[in-house]
Amino acid sequence: MKIKSLIILFSLLLFSNCVKEFEEQSFENKKTFRSANQALLSVSYKMTTYKDFEIDRDKLSDIDLASVNPSNEKQIITLKLFENGQIRIEIENVDFNKKITIPHKTLPDYSPKIHKTIIQGNTANFYDKNGNLLNSENIPIPNNIELVNKIKDIKNKVTDKEINNLILTMNGVGFINNLNDFINNANQNNIIITDQGNDMITARFPLSQVAPGMSEQTVLLIDTKRNKLLGTRIYNRNDELLQSTLFAYQKGKIEALKAVSIKQLFLLPSGTKTYMKTISKIDDLKFNLNI
Amino acid sequence: MKKLVYTSILFVFVFISNLNAQQRNVIWVHGLGDDETCWAHYEQIFSNELNINSLRESYGTGNGITPAAYQVINSINSHYGYTQANNPNNLAIGHSMGGLMIRETDRVLNGSSKKIGGYITVTTPNYGAPIANSLLDGSVTNAAQDACNKISDGPLSELLPLPWTIVTNLTTDVLCDSFIDNDLISSLQGSPTTNEDLKDGSPKIDAINNYNLNINQNIPRISIWAEENSPVHWRMISSDLYDNDQTFVNYVNLARAAYNGFYIYNTTMAIVTGVAGFWNPWLWGLTATYTYRATQWKKGRNWIDDSENIWSALIKTTRSEQIQVYELVYVPDDDYDDCVAYAGDDYWPGDCGDWEWQWVTKWVSINYPSDGLLPEYTQIMQDNPTPNNVYRVDSANHLEVTDMSNSPQGDLTRIQFNNIFDRPSGDFFRID
């Protein structure tokens, strides 16, 4: 045991196309230490997103068609959550060879492009491709102290080894009892559980129970065998489906998130309702927890 | 005798000098909802540089093209007097609707009563202004409401009190309002009568064009058209708000980055709570919340990305075309069937396949050149026998074309006027 290695660092490289064998490390008897500048939690990943619409484009008016051009993008993201609830987030736009370019015939835009955004505290700094600061703005990113407390609370309930194992494998089976408790206490917590068969349930409850002020209802789709969140749905007060989100995980020893698919109610300028679908592929997910 | 010869020579010299020194009458006419200050910049420059006698006044434009044209006629009569008012060398220059007002003066007057011998239309809707059609059929109002909703959804989902700084400065009060509700749009909107005159397919504009096509084909006329850089709509609004076409574009870029910041923040927090939910499934409720908020912010960000396209559709400078793009398509694994059998029909088999880029053909909306308000085609008069009758002002929008002194590209309108006034000797548009 090394005194200097007091940090419990759970670091994982999760490559979506390359599931690597890993060596489980022993963290027993290690103490927890965190310097003032070190994040309680950090996440980084590359996200490639494609956006399209469920609609027959050739039947749309010009104005509606103008709202539904397909697009894609790639961004590299790093988020750090600190013990005081503040975050630091870096977002970098990345070019890639599958980028959709609509061949507009207008003269090019010569204005400086924001290539990177760094938000820390309530300040956002915007940089060009050469790292030159273009501008700064105050941005009221919410404080996440409640989430910090919940994460720190984990330490009181499980061992370092259990935490480490979960972070390394992204496999929640070891914590299936927590899910069972959640299901068993559903009635008293105003949660409607519905068995969907095939080891899946849905849990319906008002979002205000977790996010005060929200008026929508959510339905969680949970795999009770693997202790995984498979998807979420959001309904408005009229029980109209606003959004359906589905999560895809890698198979094998590392069951990391590999994609998020979102179907979202979308109003065209003419008032016609359609659904926008977004696929986000997640690559190179790194997750560090430092409690 | 010798004295008589000298006197005659002197007389001829003075006569020729007077001929050369005779001022050219130039009538500068503003457009819809504008006033005499519209052409102040170039009128002053060329009044100093050239031998011209300028007329620059304000006209009411709320009652349509013809009443405005008669105001121009009256103004010419009172400014130049009887003899000069009907001078066939009189040159008129009209911006936007002002170009149609000038053309209408030519149409409604006959023979020697005509006030102008030739004209230059500058970013004029010679074949109608499609924005007028969009205003009349309610498309602009619908697009405005849609814009405001999409811009507001992110901040509202975040439960952030409105207005907060960036919203105040960059979004709802400016983006949304400027897009539709600000003074610029109000002035563009004009009166219903004028809109009817200016719309694509207007009988008034048809009459003006038919007059040139069938009756007065040979009147010297030139079109100056402007082509703005992308994003054309924000540049035009920037010219309205800040007298340059860049400041507002920078603000919008900041707003876009801020919206993207919130989108990514919420997406990442959804990932975090998705993992933390293993320990505490309640946190999966937060996953749902963060995901929902992320998409609300993304909706606003996407609207900013698409807004030029939407605006261009309102001014009818888009075309639907098929192009090939990369699409992310779900491809099932070999064990896909087993996976579905395990999970049942309702299960989303995301784990049993992957997404791959595939080359597909899609209909898309493509923007074509405009000055931010008028398409290229309507700015240029067709069937025009005047040689070299089209001049283009690069990187100019509909508003700034009447004063490009603040343009980073330089005063390109002035350059085009110089080119016109420098045409060969004997050309109607040449001014010495």
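Biologist: What are the ground rules here?

Modeller: This is a predicted model, so local features need pLDDT of at least 70 and side-chain atom pairs count only at pLDDT 80 or more, while totals for chains, interfaces and linings use all residues. Residues are numbered from 1 along each chain as its sequence is written, chains are lettered from A and ligands numbered from 1 in the order written, and side-chain values use heavy atoms, without hydrogens or water.

Biologist: How many residues are in the largest nonpolar core?

Modeller: It has 106 residues. A nonpolar core is a set of buried Ala, Val, Leu, Ile, Met, Phe, Trp, Tyr and Cys residues joined through side-chain atoms within 4.5 Å. Buried means under 20% relative accessible area, exposed over 50%, partly exposed in between (1.4 Å probe, protein chains only). B:Ile131 and B:Trp279 have the most contacts inside this core.

Biologist: Which helix gives the most to this core?

Modeller: Helix 13 of chain B, residues 247-276, with 18 residues. Helices (H or I, at least four residues) and strands (E, at least two) are DSSP runs, numbered from the N terminus.

Biologist: What is B:Trp279 in contact with, leaving aside neighbours within four places in sequence?

Modeller: Residues including A:Ile154, A:Val158, A:Phe175 and A:Leu289. Contact means heavy atoms within 4.5 Å.

Biologist: Switching to helix 12 of chain B. Why is it largely enclosed?

Modeller: Eight of its 11 residues (232-242) are buried, so the rest of the structure largely encloses it. Among the buried ones are B:Trp234 and B:Arg235. B:Asp243 follows the helix, and its phi is positive, near 60°.

Biologist: Now aromatics. How many pairs over all chains?

Modeller: The search finds 24. Rings of Phe, Tyr and Trp (its six-membered ring) pair if their centres lie within 6.5 Å; planes under 30 degrees apart are stacked, over 60 edge-to-face, the rest tilted. A:Phe205 and B:Trp282 are edge-to-face, at 5.4 Å centre to centre and 65° between the planes. That pair crosses between chains.

Biologist: Is A:Phe205 buried or exposed?

Modeller: Buried, at 0% relative accessibility. B:Trp282 is partly exposed, at 22%.

Biologist: Which pair is stacked?

Modeller: B:Phe262 and B:Trp297 are one, with 4.2 Å between centres and 15° between planes. B:Phe262 is in helix 13 and B:Trp297 in helix 14 of chain B, so the pair ties together parts 35 residues apart in sequence.

Biologist: What lies over the face of A:Phe266?

Modeller: B:Lys150, at 4.0 Å from the ring centre. A charge sits over a ring if NZ of Lys or CZ of Arg is within 6 Å of the ring centre and within 35 degrees of the ring normal.
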